Amino acid sequence: MFENAKIWTFDRERPTAQAIAIEGNVIVAVGDRDAVRDTAPDAERIDLQGACVIPGFNDTHAHMEREGLKTLRPSLAGAKSVGDILARIREAAAIIPPGEWIVTMPAGTPPFFFDGVSSLAERRLPNRHELDAAAPDHPVYIQGVFGNWGKPPGHSGLNSRGLELNNIGPDTRPRVGGVKIEVDAQGIPTGIIVEHNNRPTVEFDILPAVPRFGFADRLEGIRRSQRLYNAKGTTSIYEGHGSAAETISAYRRLWELNELTIRAGLVLSPSWNDLTEARRIMRDWLATARGSGLGDRWLRVSGIHIAYGGDPVVACCARAHLPDTGWSGFVEQAVSPSDFREACFLAAEFDLRLHTIVGDQLHEIVPVLRAVNERHPIAERRWVIEHIGRARPEDIRALKELGIYVTTISTYYLWKGGSKYLNEADGGNGVVPHRAILDAGIPLAIATDNIPYDPFFTLWTTCAREERSTGRVIGPDQRLDAHTALELFTAAGAALTFDEGWKGRLKPGFAADLAVLSDDPTTLPPAELKDLSCLLTIVDGRIVHDVR
Ligand SMILES: [Zn+2]
């Protein structure tokens, strides 16, 4: 029993409380101190000294597996010069057996790496010769930035062994545009490759010898991710972007080992090349992913992600390396508008609920949904529209009529990538229009997209809506108060996995998933939300994080 707390329950019948009692993995009482003591007289009493308690965060577009993978590679964070990077490479060379690859994280400041090579005094990566001197017995690869974290271009660097193993010479030509292999005055590659694509293609296209994340890495990555997400108060995730078969199998392995400390809802990421394959693959997936899917309270697989748009050359390059998916964790897709329409009809026919990322194209997707709905009513199926950028009022009304669920990424659209919305005629109130979506009565949940994975950062971007470089507010009318944002980040996500009847709210009979915060978000100015921390996290009645 926790008492002397400020509890936001998100239970409409009892929105606030001072005490909560847990028995096993279930909440047995919530209320004022005396009432909870009466219900659970023998419970161990823990004084929270006024701390704030919320249901655990449910990160509904999490890309969780990436966070742990980042810790598997040596970091270059804090390096201020080529010399500093070479020192890190020498350190790695002293540990890693000769002949094996040294693969590092990018140059720049994590988690965004916005400064990239400009964080270095020389404003460039070390070249092949400098890397050769630091690690003469190892192939070396400094990876470029993954565009979803920061901003292209990404700079990657290889030493001579690394170049040789990938057969990179003066005549190497990338298949994918936007990649430049730097050469010296004699036309010989310097070891530095610059890529302008948001989803880097360089490894898939011209670096086949660079080690991939294998199954064991993904498994260990998720283990580490869970600890990191738990430490921020996250107790559930939903992978609305879809997960490749290998990613799903890594989650399944941890489920078998009883090692999950985050409840995971997964969505299939398909690998089809065309609609004929799509029909066959969807038919085969009925067994697992139809309707509310297959799983239990820890792991559930349901529905598919179908992309709208995408570059066919990039998708083809990436698919050739399956089961490896690099940093994505999902299968790169390139789907034309007409194929998207057909694939949506197929998804409805097979009752595989659709997830799609719309960006500013919601107005192009809505007519497709309407057409599907004429033949296969989609209300009650919980189809999910993700990453809404610009949305017109008539399209928001349509989402309500169709019974669509929505998830959004404030950090990506408003803070990190908000510069393109600074001069909207309506002041940005049509961009990620949280207020309008809620007022329309549409089920809405918010998410981090792993940029960064810290839910407090997303709480801030949702409430403040400030653009990164200017600090200007995009769409002031669409700012949410912290209490509303918290509900969208905790209770609201449960419906995405059909779990709203037993998790996401602090009420008797519900799962004992909760987080104790350093302060009450509802009393802080928005700018301070991002500095919150999590003192204690409980999932299924078990403490998974505790720094009280
Ligand atoms: Zn995503």
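# A tour from the zinc site to the pockets

**Stop 1: the zinc ion.** Select the zinc ion with His-61, His-63 and His-241. These three histidines coordinate the zinc ion at 2.1 Å, through NE2 of His-61, NE2 of His-63 and ND1 of His-241. Keep in mind throughout that this is a predicted model. Along the chain, the donors of the zinc ion follow the spacing H-x1-H-x177-H. His-61 sits in the loop between strand S8 (57–59) and helix H2 (65–70), while His-241 belongs to strand S14 (residues 234–243), so the pair ties together parts that are 180 residues apart in sequence. Are His-61 and His-241 buried or exposed? Both His-61 and His-241 are buried.

**Stop 2: the largest pocket.** Select Asn-198, Arg-199, Ile-357, Tyr-412 and Tyr-413. Of the 37 residues that line the largest pocket, these lie nearest its centre. The space in this pocket is about 950 Å³. Next, show helix H10 (312–319), strand S18 (354–359) and helix H14 (410–416). Each of them supplies at least two residues of the lining of the largest pocket. Which element gives the largest share of that lining? Strand S18 does, with four residues. Color the lining by residue type: twelve residues are nonpolar, 17 are polar and eight are charged.

Then color by domain. Why does the largest pocket lie between domain 1 and domain 2? Because domain 1 (73–206) and domain 2 (215–503) both give residues to its lining.

**Stop 3: the second largest pocket.** Its volume is about 420 Å³. Select Ala-245, Ile-248, Leu-268, Thr-288 and Val-301, the closest to the centre among the 21 residues that line the second largest pocket. The largest share, five residues, comes from H8. By type, the lining of the second largest pocket holds 13 nonpolar, five polar and three charged residues.

**Stop 4: the largest cavity.** How many cavities of 30 Å³ or more does a search of the whole structure find? It finds five. The largest cavity has a volume of about 250 Å³. Select Phe-146, Arg-199, Pro-200, Thr-201 and Glu-203, which lie nearest its centre among 26 lining residues. Strand S11 (154–158), strand S13 (189–195), helix H6 (202–206) and H10 each give two or more residues to the lining of the largest cavity. That lining divides into twelve nonpolar, ten polar and four charged residues. Bring back the domain colors. Domain 1 (73–206) and domain 2 (215–503) each provide at least three residues of the lining of the largest cavity.

**Stop 5: Ile-181.** Finish with one side chain. Ile-181 is in strand S12 (residues 179–183). Its relative accessible area is 15%, so Ile-181 counts as buried, the cut-off being under 20%. What does Ile-181 touch, leaving out residues up to four places away in sequence? Select Ile-168, Thr-172, Pro-174, Pro-189, Ile-192, Ile-193 and Ile-206 to see these contacts. Last, draw a distance from the C-alpha atom of Ile-181 to that of Glu-342. The two residues are 161 residues apart along the chain, and their C-alpha atoms are separated by 39 Å.

Technical notes
Residues numbered from 1 in each chain as written. Predicted model: local features only at pLDDT ≥ 70, side-chain atom pairs only at ≥ 80, totals over all residues. Heavy atoms only, no water. Buried < 20%, exposed > 50% of the residue type's maximum accessible area, 1.4 Å probe, protein only. Contact = heavy atoms within 4.5 Å. 1 Å grid on protein atoms, 1.4 Å probe; cavity = no way out; pocket = protein on both sides within 12 Å on 5 of 7 lines; lining within 4 Å. Points joined across faces, edges and corners; volume = space filled by probe spheres on them. Nonpolar A, V, L, I, M, F, W, Y, C, P; charged D, E, K, R; others polar. Domains from an automatic or database assignment. Donors = N, O, S within 2.8 Å, 3.2 Å for Na, K, Ca; no water.
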